[in-house]
Amino acid sequence: MTATQTEPTTGDVVLEAENLTKHFPVRRGLRTLFTRDRPTVHAVDDIQLTLRRGQVTALVGESGSGKSTVARLLAQLYSRTSGDIRLHGESVTVHGGRKFRAYCRQVQMIFQDPFASLNPVHTVRYHLTRSLRIHGRAGNSAAELERNLRDLLGRVQLTPPERYLDKFPHELSGGQRQRVSIARALGADPQALLADEPVSMLDVSIRLGVLNLLRDLKERLDLAILYITHDIASARYFADETLVMYAGRMVEGGDSESVTQRPAHPYTRLLIESAPDPDRLDRVGDARPAPDDAGGGEPPSLIAPPAGCRFNPRCPSALPKCSTDLPPRFELPVVDGSKGHWAACWLYEEGAAR
Ligand SMILES: Nc1ncnc2c1ncn2[C@@H]1O[C@H](COP(=O)(O)OP(=O)(O)OP(=O)(O)O)[C@@H](O)[C@H]1O
């Protein structure tokens, strides 16, 4: 940050995506070998997203809907096909090197599997020291480094720090490993955290503790958090805003209470019907059969996605135009103080019979 900039405050926009699109080329099969068209997986299309300080935004959808691709695009781990990513209002495109490190200092990612993301031959001290050094926060002396390491472990509630500093990943529980991964991300002193299913590989009993930790960090450090999950019940509990993705597109968004309690899009309704009871917080993040296993049909091929609304072949309320015209976002009326609730569904076009 330069001296002329003011200190950011809660609600300030950190990271934005506009019309973010990612198509992965696929290898040609025999049938397409001699044609001009190169088949592509339409993994993510036209995503709009805003992450603000002190706010959790949940990105919810079933497996293969494009959630991880969005996170990887925002983390600059994938190049985008089109669209824009802005950090503090400035467009960013980085391809490794110093610019990438500068970006990572502000935008850090936490992965689903803490065991795979920590090197088994190195201790907690090594992982955290490396993060502090890479991001220029190790201090000027051994004593300062030690203080910073203890401070990081304290932030993720691994106390007393001396109990954990010299442990190897296999000597820790899954929850402790994920806390170390979070501490490593905090070593950069980021403003945004991209958490890709951060609790889905943990035991049900410790998921809530890790989500509470993330919520506490959001409040204490004023972090902007993107929380990726297939579990919409945990989004109600944990996120301020919830966005729902289906087959690479966003279909609904708004404040979490409205999206989870008054879902408007037929896909969100299906997702909620197959989700655990949101009032049973001890089961937060629990895996239930995905909607496609729950008798709701199959998600479409992303190589040749359906025209119009991508959910139309499975939709119980589909109108004729749903299979031809892509629905725009329709703002929904304010109910019980709902904020920014919208659905990309023709049912909400003025005059449509619902
Ligand atoms: N590197 C790649 N090359 C080709 N296709 C890819 C690649 N990465 C992802 N995809 C495809 O893009 C689509 C979206 O994948 P993505 O992993 O983003 O979904 P997801 O919602 O995060 O799923 P999950 O919850 O299972 O991780 C899928 O159809 C996937 O097969």
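Which strands does helix α1 lie across, and at about how many degrees to β8 does this helix run? In this predicted model, helix α1 (residues 67–74) lies across β3 (55–60), β6, β7, β8 and β9 (241–246), and its direction is at about 150 degrees to β8.

**View 1. Helices α1 and α10 on the sheet.** Besides α1, which runs at about 150 degrees to β8, helix α10 (residues 266–273) packs on the sheet, where it touches β3, β9 and β10 (249–255). The direction of α10 makes about 100 degrees with that of β9.

**View 2. The open sheet and its strand order.** Eight strands, with mixed pairing, form an open sheet in the order β6-β7-β8-β3-β9-β10-β12-β11. The edges are formed by β6 and β11 (330–331), each of which pairs on one side only.

**View 3. Strand β6 and its pairing with β7.** In strand β6 (residues 107–110), V107 and M109 point one way, whereas Q108 and I110 point the other way, and all are buried. Strand β6 pairs with strand β7 (residues 192–196) in the parallel sense, over four bridges, and the bridge partner of V107 in β7 is A192.

**View 4. Strands β7 and β8.** Strand β7 is joined to strand β8 (residues 224–229) by five bridges, and the two strands run parallel. Within this pairing, A195 has Y227 of β8 as its bridge partner.

**View 5. The contact of helices α4 and α5.** The axes of helix α4 (residues 124–134) and helix α5 (residues 142–155) come within 10 Å and cross at roughly 110 degrees; α4 and α5 are therefore roughly perpendicular to each other. On the α4 side the contact is made by R125, L128, T129 and L132, and on the α5 side by L145, N148, L149 and L152. By class, the residues of this contact of α4 with α5 divide into five nonpolar, two polar and one charged.

**View 6. The shell around the ligand.** The ligand is surrounded by 13 residues, of which the closest are F24, A43, S63, S68 and T69. Both β2 (40–52) and α1 supply at least two residues each to this shell, and α1 gives the most, with three residues. The shell comprises four nonpolar, eight polar and one charged residues.

How values were computed: Residues numbered from 1 in each chain as written. Predicted model: local features only at pLDDT ≥ 70, side-chain atom pairs only at ≥ 80, totals over all residues. Axes fitted to C-alpha atoms, helices over the stretch in contact; angles between N-to-C directions. Parallel < 35°, antiparallel > 145°, perpendicular 65-115°, else oblique. Contact = placed C-beta atoms within 7 Å. Nonpolar A, V, L, I, M, F, W, Y, C, P; charged D, E, K, R; others polar. Buried ≥ 20, exposed ≤ 12 C-beta atoms within 10 Å, placed from the backbone. Pairing = 2+ DSSP bridges. Near = placed C-beta within 6 Å.
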